[in-house]
Amino acid sequence: HIERWLRRLKSQTLLVATAEEEASVAMAHGQHPHSFYCPISQQCMHDPVVLSDGHSYERRHIERWLRRLKSQTLLVATAEEEASVAMAHGQHPHSFYCPISQQCMHDPVVLSDGHSYERRHIERWLR
C-alpha cells in the first residue's frame, strides 16, 4: 500500500511540476498558461471557479452552461410527464403529433430546429 501511495504521490508531484513549468514558460513568452483559459469560452479567466470535476471555469460561462443544462433537463422531465399523463388517459402525447399535419407521426424525423415532423409532410413542405 505504501509503494502505491508513493507512486501516486510522485505522479501528482510530476503533474504539479509540469503545470508550474508550463506556466513559467508561457509567462516568459508573454502569454498566459493554458490552465488560465476557460475550457468553455477558450478565453483567459478573470473570475475562475473550480467545480467538483476538478477543472476551472470562468464563472459566468459555467453558470450559463449549467442553467442551459438545467432547462434542458426540465424540458425532458416535462415531456416525460406529459407523455405519461396522456398515455394514462389512452391518448398520444402532444409531442407525437406532427406540427404540419396535426396527425400522429408514424415516421418521425428530427430537424436541426430540434422539432419532430412526419417525414413525408416535412419533405413535401421543404420542396
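Asp107 is partly exposed, because its relative accessible area is 34%. Here buried means under 20% relative accessible area, exposed means over 50%, and partly exposed lies in between (1.4 Å probe, protein chains only). Areas are computed by the Shrake-Rupley method with a 1.4 Å probe, and for residues only the protein chains shown count as cover.

This is a predicted model, in which local features need pLDDT of at least 70, side-chain atom pairs count only at pLDDT 80 or more, and totals for chains, interfaces and linings use all residues. Residues are numbered from 1 along each chain as its sequence is written, and side-chain values use heavy atoms, with hydrogens and water left out.

Asp107 has a partner. Its side chain meets that of Arg119 in a salt bridge, at 2.8 Å from N to O. Arg119 lies in helix 3 (residues 119-126) and Asp107 in the loop between helix 2 and strand 3, so the pair ties together parts that are 12 residues apart in sequence. Arg119 is partly exposed, as its relative accessible area is 35%. A salt bridge is defined as a side-chain nitrogen of Lys or Arg within 4 Å of a carboxyl oxygen of Asp or Glu.

How many salt bridges does this rule give? The count is two. Arg59 and Asp47 form a salt bridge, with their closest N and O atoms 2.8 Å apart. This pair links distant parts of the chain, with Arg59 in helix 2 and Asp47 in the loop between helix 1 and strand 1, 12 residues apart. Arg59 is partly exposed, with a relative accessible area of 34%. Asp47 is partly exposed, with a relative accessible area of 34%.

Now take the whole chain. The protein has three helices and four strands. Helices (H or I, at least four residues) and strands (E, at least two) are DSSP runs, numbered from the N terminus. Along the sequence they follow the pattern α-β-β-α-β-β-α. The protein has 127 residues, and 17% of them are buried. Its accessible surface comes to about 10500 Å², and 58% of this belongs to carbon and sulfur atoms. Contacts are counted too, where contact means heavy atoms within 4.5 Å. Among contacts between residues at least 6 apart in sequence, 2% join residues at least 24 apart.

Next comes helix 2, which spans residues 59-88. His61 has its place in this helix. Is His61 buried or exposed? His61 is buried, because its relative accessible area is 10%. Apart from neighbours within four places in sequence, His61 is in contact with Cys38, Ile40, Ser41 and Gln43.

Helix 2 also holds Trp65. Trp65 counts as partly exposed, because its relative accessibility is 40%. Together with Ile40, Leu66 and Leu69, Trp65 forms a nonpolar patch on the surface, with about 340 Å² of accessible area together. Patches are made of residues with over 30% relative accessible area and no salt bridge; like charges are joined within 9 Å, and nonpolar side chains (Val, Leu, Ile, Met, Phe, Trp, Tyr) within 5 Å.

Which residues form a positive surface patch? They are Arg60, Arg64, Arg67 and Arg68. Lys and Arg count as positive and Asp and Glu as negative, while His and the chain ends are not counted. The place of a charge is NZ of Lys, CZ of Arg, CG of Asp or CD of Glu. Arg60 lies in helix 2. Arg60 is partly exposed, since its relative accessible area is 47%.

His55 is found in the loop between strand 1 and strand 2 (56-58). His55 counts as partly exposed at 46% relative accessibility. Leaving aside neighbours within four places in sequence, His55 is in contact with Val49 and Val50. The C-alpha atoms of His55 and Pro39 are separated by 8.6 Å, and these residues are 16 apart along the chain.

Most residues other than glycine have a negative phi. Gln42 has a positive phi of about 60° although it is not a glycine. Gln42 sits in the loop between helix 1 (2-28) and strand 1 (48-50). Gln42 is exposed, because its relative accessible area is 54%. Gln102 also has a positive phi, near 60°. Gln102 lies in the loop between helix 2 and strand 3 (108-110). Gln102 counts as exposed, because its relative accessibility is 53%.
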